[in-house]
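Dear colleague,

I am handing over the structure we spoke about, and below it you will find a written account of what was found in it. Please read the two side by side.

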Amino acid sequence: MRNKTAFLIVVLGLLGVCTQAQEKTLTKEEAIALALENNYGINVAKNQVEVAGNNKGILNSGYLPTLTGTAGASYSRDDSVIEFPGQFNEDASPREDVELEKAEAQAYSSALTARYTLFDGMGRFYNYKKLKEQYQLSELQARETIENTIVQLFSVYYEIARLTENEYVLGKTLDISKDRYKRAQYAFEYGQSTKLDVLNAQVDITNDSINVLNTRQELSNAKRDLNVLLSQDLNMLYTVDTLVTFIPKIKLEAFVEQAKINNVSVLQTERNLAINSYDIKVQRSGYLPTIGLSGAYGWNLNQSAQSAFFPGTNTDNNSFDLGASLTWNLFDGGGTTVRVKNAKIAYENQELLKKQIEIEVDRDIRNAMANYENKLVIHGIQEQNVITNQNNFERSKEQFQLGRITSIEFRQAQINLLNAQTNKNLAKYDAKLAELQLLQLTGQLLNVEL
């Protein structure tokens with residue numbers, strides 16, 4: 001038993017040395033910067049914004065004319081024999097056949113055609129407006145992705161911080177158990193205690209060592225989770241900042257009051273509502289005529305082959321055309337009417353969805369605020385509980401060294417202090433994550449220093 005205990009102590013020491021040698025400190029600001037630069041989900045969202053930006057440009061608006069160029073060439077060759085059966089010349093001799101070899105004909109053509117839609121019932125104008133709204137919507141969707149990623153990032157970041165503090169607390173608990181084991185061993189050797197005290201101390205060292213090992217394993221797993229979010233090498237190890245500060249309540253209340261104009265979900269519904277309103281106008285453009293202009297320039301060269309009776313000819317032709325057109329679909333079988341009605345229904349649905357999201361966001365903010373305040377109170381209680389258990393442990397330690405309480409009673413005081421410290425760590429980071437969720441709902445997550 002003694003050898004196993006010594007082995008666990010050596011293993012824990014080696015793990016601690018190896019970990020500290022490879023780790024570097026990662027601040028909250030650095031974590032956010034790495035996530036914004038490297039996170040795959042965020043980069044995909046940025047690319048989608050870029051696509052929407054391309055779509056809203058003038059090149060995709062339909063306001064520019066089109067210019068089409070065409071060119072062609074053809075070549076033909078004929079070898080022919082023309083016979084005159086039963087025909088005679090003036091001297092009554094039979095008329096001879098006419099042979100025509102290598103009769104070549106060539107044709108070349110080219111043309112430039114320009115077309116421009118002068119008026120299309122304002123459909124192009126409103127579609128351009130719609131594309132701009134879709135770009136703003138894509139920016140909001142990217143912002144939502146970033147906010148979700150930041151919350152996920154800090155849930156892992158603070159989990160690493162919590163496990164780091166727990167590892168420290170468990171290490172201190174293990175040190176106390178080691179010291180108690182040594183004292184029990186010396187006391188047994190001098191006949192001042194029983195073997196049972198030594199065995200109890202060894203059992204406690206084993207349990208504390210296992211707790212430390214499990215916590216270190218959880219810590220390693222959490223650090224790999226962080227590397228996934230940061231798109232880093234999974235073997236990269238970090239130490240994190242365990243200092244937590246909370247935003248003043250008066251500032252949070254101001255954020256809550258402005259939530260409806262900053263919440264990303266509400267803002268997305270507003271953009272969707274604008275898109276649907278433009279879609280109605282785009283569909284209505286089908287009731288109006290379309291006016292277009294066109295112009296063309298063409299060049300043709302024909303080199304015809306000679307025949308038995310006519311010589312070959314060359315024709316060089318240049319043409320220039322201008323035109324205007326008016327197209328008015330007076331009745332399209334009711335298709336435009338149906339599309340307009342459906343667009344109006346889609347707009348009404350978006351209005352209903354906006355009202356639903358607004359009330360849901362209001363509920364979520366109220367719940368988040370109450371949850372945050374509750375966790376802050378719990379954190380305060382746990383801090384006081386640590387102080388109480390620390391005092392109780394110190395007195396129990398004195399009484400144990402004086403022999404006035406048993407090792408079991410001392411161990412219970414030690415466990416109570418350990419539980420109080422780990423519960424305080426959990427309450428602290430739970431409260432901070434609740435604050436982050438509240439900031440996300442109020443639309444201020446990216447505007448405050450975390």
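**What was found**

The protein chain exposes about 26700 Å², of which carbon and sulfur atoms supply 53%. Please keep in mind throughout that this is a predicted model. Of its 450 residues, 35% count as buried, and the chain is made up of 10 helices and 6 strands, among other parts. Among contacts with a separation of 6 or more, 81% are between residues 24 or more positions apart.

**Nonpolar cores**

The largest nonpolar core has 44 residues, and those with the most contacts inside it are Leu-153, Tyr-158, Leu-226, Leu-252, Leu-436, Leu-439 and Leu-450. Several elements each supply at least two residues of this core, including helix 2 (28-38), helix 5 (195-230), strand 4 (238-240) and helix 10 (407-441), while the largest share, 11 residues, comes from helix 4. In general terms, nonpolar side chains of soluble globular proteins tend to be buried together.

In helix 2, Lys-28, Ala-31 and Ala-35 are buried; seen down the axis of helix 2, the buried residues fall within an arc of 60 degrees, so they line one face of the helix. These buried residues of helix 2 pack against strand 1 (24-26), helix 3 (40-55), helix 4 and helix 5.

**Salt bridges**

The count of salt bridges comes to 17. In one of them the side chains of Glu-165 and Lys-428 meet at 3.2 Å, N to O, and this pair links distant parts of the chain, with Glu-165 in helix 4 and Lys-428 in helix 10, 263 residues apart. Glu-165 counts as buried because its relative accessible area is 17%, under the 20% cut-off, and Lys-428 is likewise buried, with a relative accessible area of 12%.

Arg-411 takes part in a salt bridge with Asp-204, the closest N and O atoms being 3.4 Å apart; Asp-204 lies in helix 5 and Arg-411 in helix 10, so the pair ties together parts that are 207 residues apart in sequence. Asp-208 also forms a salt bridge with Arg-411, here with the closest N and O atoms 2.9 Å apart, and both Asp-208 and Arg-411 are buried. Through salt bridges that share partners, Arg-180, Asp-204, Asp-208 and Arg-411 are joined into one network.

**Strands and surface**

On the surface, Leu-67, Leu-112, Tyr-297, Phe-320 and Leu-322 form a nonpolar patch, with about 600 Å² of accessible area together. Leu-112, which is placed in strand 3 (residues 98-119), is partly exposed, with a relative accessible area of 46%. Thr-113, also placed in strand 3, is buried, with a relative accessible area of 19%, and touches Thr-66, Leu-67, Thr-68, Gly-295 and Ala-296, not counting residues up to four places away in sequence.

Ser-294 is found in strand 5 (residues 290-303) and is partly exposed, at 31% relative accessible area.

With best regards

Notes. Residues are numbered from 1 along each chain as its sequence is written. This is a predicted model: local features need pLDDT of at least 70, side-chain atom pairs count only at pLDDT 80 or more; totals for chains, interfaces and linings use all residues. Side-chain values use heavy atoms; hydrogens and water are left out. Patches are made of residues with over 30% relative accessible area and no salt bridge: like charges are joined within 9 Å, nonpolar side chains (Val, Leu, Ile, Met, Phe, Trp, Tyr) within 5 Å. Accessible areas come from the Shrake-Rupley method with a 1.4 Å probe; for residues, only the protein chains shown count as cover. A salt bridge is a side-chain nitrogen of Lys or Arg within 4 Å of a carboxyl oxygen of Asp or Glu. Helices (H or I, at least four residues) and strands (E, at least two) are DSSP runs, numbered from the N terminus. Buried means under 20% relative accessible area, exposed over 50%, partly exposed in between (1.4 Å probe, protein chains only). A nonpolar core is a set of buried Ala, Val, Leu, Ile, Met, Phe, Trp, Tyr and Cys residues joined through side-chain atoms within 4.5 Å. Contact means heavy atoms within 4.5 Å. The arc is that of the directions from the helix axis to the C-beta atoms.
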